[in-house]
Number of protein chains: 2
Amino acid sequence: MTSKRHRPATIIDVARIAGVSKTTVARVLAGGEQVDPTTRARVEKAIATSGYERNHLAQGLRTGRTRMLGLVIPDIANPYWADVARGAQDAAEKLGWSVLIVNSDWDRDREDRHLRALRQGRVDAVIVNPAGPSPDMLRTLGCPVVLIGSGGEDFPEFSSVRSNAHQGVQLAMAHLHRQGHATPALLVGRTRPAARARFLGVVHDVCRQQGIAPHSLAIEDTDYSMAAGHAAMRRLLAAADRERPSAVFAANDLMALGAMTALREAGLDCPRDVSVIGMDGIAAGALIAPGLTSIEKPRYAIGTESAGLAIEHIEGRSAARHLVLPCRLIKRGSVGARQSTLLSRRTRA
Amino acid sequence: MTSKRHRPATIIDVARIAGVSKTTVARVLAGGEQVDPTTRARVEKAIATSGYERNHLAQGLRTGRTRMLGLVIPDIANPYWADVARGAQDAAEKLGWSVLIVNSDWDRDREDRHLRALRQGRVDAVIVNPAGPSPDMLRTLGCPVVLIGSGGEDFPEFSSVRSNAHQGVQLAMAHLHRQGHATPALLVGRTRPAARARFLGVVHDVCRQQGIAPHSLAIEDTDYSMAAGHAAMRRLLAAADRERPSAVFAANDLMALGAMTALREAGLDCPRDVSVIGMDGIAAGALIAPGLTSIEKPRYAIGTESAGLAIEHIEGRSAARHLVLPCRLIKRGSVGARQSTLLSRRTRA
DNA sequence: ATGAAAGCGCTAACAA
DNA sequence: TTGTTAGCGCTTTCAT
């Protein structure tokens, strides 16, 4: 009387049941090149009856491949990064890979620790939004690295994927322009100087393209939060030295939302009195009235593309590549055609 | 002249450098119980100079433990589940574990496939929000299972973690009651009959506790979306056969947001004319004016607790347990004190 | 077409 | 306190 074993079946169990060697089972498992159809059938039956499932750990140890990708992002609870993660997962899954997600919380030490941990035999490549520029750490990882986010192209040796900020800003400015708002006021965050400079630089480029004098745009320096956007809008409305802008372009949606609140509180109508456009395309923008017009970054695609690139690199194809993905204009109610000055004066009184 | 090796260092390399056996190195790695301080120092130096990092795959294969948890949720891009995931990750990380997240998209087949894949030697336990009731699949997994979400307690054999819907509804009803709204109208989704029944059941229980006749509450059956909530509110306002409710209690925030929009369009003020309370505590609720008062479910805690439970089970402690975590009232502007009928009539006219 | 045997990097008896 | 040895489950030569 043999005692029943409760441990998962191994390749050896299958071999015994089928009356073959484990090599043969392995061959069947591998998509079976040269195995006799009869043998194959026997093995397959044995696999089914034993409930065998391949042990990825053993396979990984032997082959040096885990078919796992590491994804280091600031925070999975942030909707932006959650979308990126979902994209990476979907692309990976389609190719039979998994994604191990870790959070850096924008902290370089945490990021480094995670990168180390991921490489301890767990993943074949990492996709990372670098919190701090630490090329040395990345270089010593000894596995393919794909950089995502704005800092990506600073390290040409690694592949990178980012959204096209220039084209996004252009989309926004062109849309405003078409509605008669050639010189919107700008709401920009000052807390991240690099991001601020990048944003303003791009806006100026676009202005020149559209034949607008960059310095005719009012710039209101503020913070990336809704409260800050609210305060900035109030300042803009209170400024006695210049006319009220017909439109406001906020560098993110949170500020745009704050601006809209300030407008409402001031008894002004959006978009009739002031149009507002944001960037990011956060979900809340669709839930308010009027809906927030915004520039949506290709979050999901950043995920899918970076996963694809990572897997490509692991499989030896291709040198480092730098992908720049287009943004999209989400038209909702917060941008409208400019009223004639007379009309807007009248409604204001 | 020895050629330089570019493969990662193994325990054997370390042993050779330190002039000891790999067992000794392993002992140092394990937190080194009985190793001579001198030897230990030599080994540690060897570890540092070689840049050695433990191979988790090999360790896992040998010990049968991966220190990885599988987390099966409907969708990581859904903020609710992203928060749960973050909680699980944080709790796991604190104990030196990792979490492998996969998405079921509320599809039973996908869920089953993922569960299978996770068990192929990758994770030591799974935490799952079951899309369909499939206890057999879970039983045959051969590893600890923790169920999260409403269906959890249907399988007493597995540990479960869920929010306390009863207490949450009680919080909402009590808050409304304190503000003079004893009999709010209910907005409930009809698409998920089980959830609908559960919600109404709980509301009725709470009514009885508070001495309110359950059937004095108007019930508007609708859908879980914002558009549906909007339409439902309009029906409520148009109903000629009963007075306009002083307050509305929506079974989720999306419906509540829709209701608020309908109110505004009808020229009514929230909360002066009609108070609104929702459930979920979504981020958008804080971004609109007035802020949406809501019952927040303990998403993050569901994650941390379920990860803790899973790890407990793996380490052999404790039998199945069923955790029920409290909800929290987020007071914002959408619920206000009831106006006297006279007053409300006047403002309406 | 099939099998025997070695070995991936590690841990855990057991021995010394 | 330290070392020897076996083996986790798999893939991969190399024989047959």
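Tutor: Two residues are in contact if their C-beta atoms, placed from the backbone, lie within 7 Å. Keep that cut-off in mind, and keep in mind that this is a predicted model.

Start with Val248(A). This residue lies in strand 8 of chain A. Is Val248(A) buried or exposed? A residue needs 20 or more other C-beta atoms within 10 Å to count as buried. Val248(A) has 31 such atoms within 10 Å, so it is buried.

Now list its partners. Setting aside residues up to four places away in sequence, Val248(A) touches Pro184(A), Ala185(A), Leu187(A), Met233(A), Ala259(A), Val274(A) and Val276(A). Gln339(A) gives another reference point. Val248(A) and Gln339(A) are 91 residues apart in sequence, and their C-alpha atoms are 15 Å apart in space.

Two of those partners, Ala185(A) and Leu187(A), lead us to strand 6 of chain A, residues 185-189. Here 5 of the 5 residues are buried, so the strand is largely enclosed by the rest of the structure. Look at the directions of the side chains. Ala185(A), Leu187(A) and Gly189(A) point one way from strand 6 of chain A. Leu186(A) and Val188(A) point the other way, and all are buried.

Strand 6 pairs with two other strands. With strand 8 of chain A, residues 247-250, strand 6 of chain A pairs in the parallel sense over 3 bridges. Leu186(A) has Phe249(A) of strand 8 of chain A as its bridge partner. With strand 7 of chain A, residues 219-222, strand 6 of chain A again pairs in the parallel sense, over 4 bridges. Gly189(A) stands opposite Thr222(A) in that strand 7 of chain A.

Step back to the domains. Chain A is divided into domain 1 (11-54), domain 2 (67-163 + 299-325) and domain 3 (165-297 + 330-348). The C-alpha centres of domain 2 and domain 3 of chain A lie 33 Å apart. In chain A, 4 residues of domain 2 are in contact with 7 residues of domain 3. The domain 2 side of that contact divides into 1 nonpolar, 2 polar and 1 charged residue.

Next comes the partner chain. Across the interface, 37 residues of chain A are in contact with 37 residues of chain B. On the chain A side, helix 4, helix 5 (79-94), strand 2 (98-103), helix 6 (108-119), helix 11 (253-265) and helix 12 (284-287) each supply at least two residues. Helix 5 of chain A gives the most, with 6 residues. By class, this side of chain A has 18 nonpolar, 11 polar and 8 charged residues.

Asn55(A) gives a local view of the two chains. It is found in the loop between helix 3 (37-50) and helix 4 of chain A. With 19 C-beta neighbours inside 10 Å, Asn55(A) counts as partly exposed. Beyond its sequence neighbours within four places, Asn55(A) is in contact with Gln120(B) and Gly121(B). The C-alpha atoms of Asn55(A) and Ile11(A), 44 residues apart along the chain, are separated by 9.0 Å.

Ile11(A) takes us to the DNA. Of the 24 residues around DNA strand D, Ile11(A), Ala58(A), Gln34(B), Asp36(B) and Thr39(B) come nearest. Helix 4 of chain A gives the most to this surface, with 5 residues. The surface near DNA strand D divides into 8 nonpolar, 10 polar and 6 charged residues.

Now turn to DNA strand C. Of the 24 residues around DNA strand C, Gln34(A), Asp36(A), Thr39(A), Ile11(B) and Ala58(B) come nearest. Helix 4 of chain B gives the most here, with 5 residues. The surface near DNA strand C divides into 8 nonpolar, 10 polar and 6 charged residues.

Finish with some backbone details. The peptide bond from Ala289(A) to Pro290(A) is cis, with omega near -10 degrees. Pro290(A) is found in the loop between helix 12 and strand 10 (293-296) of chain A. In chain B, a cis peptide bond joins Ala289(B) and Pro290(B). Trp106(A) is not a glycine, yet it has a positive phi of about 60 degrees. Trp106(A) lies in the loop between strand 2 and helix 6 of chain A.

How values were computed:
Residues numbered from 1 in each chain as written. Chains lettered and ligands numbered in written order. Predicted model: local features only at pLDDT ≥ 70, side-chain atom pairs only at ≥ 80, totals over all residues. Near = placed C-beta within 6 Å. Nonpolar A, V, L, I, M, F, W, Y, C, P; charged D, E, K, R; others polar. Buried ≥ 20, exposed ≤ 12 C-beta atoms within 10 Å, placed from the backbone. Pairing = 2+ DSSP bridges. Domains from an automatic or database assignment.
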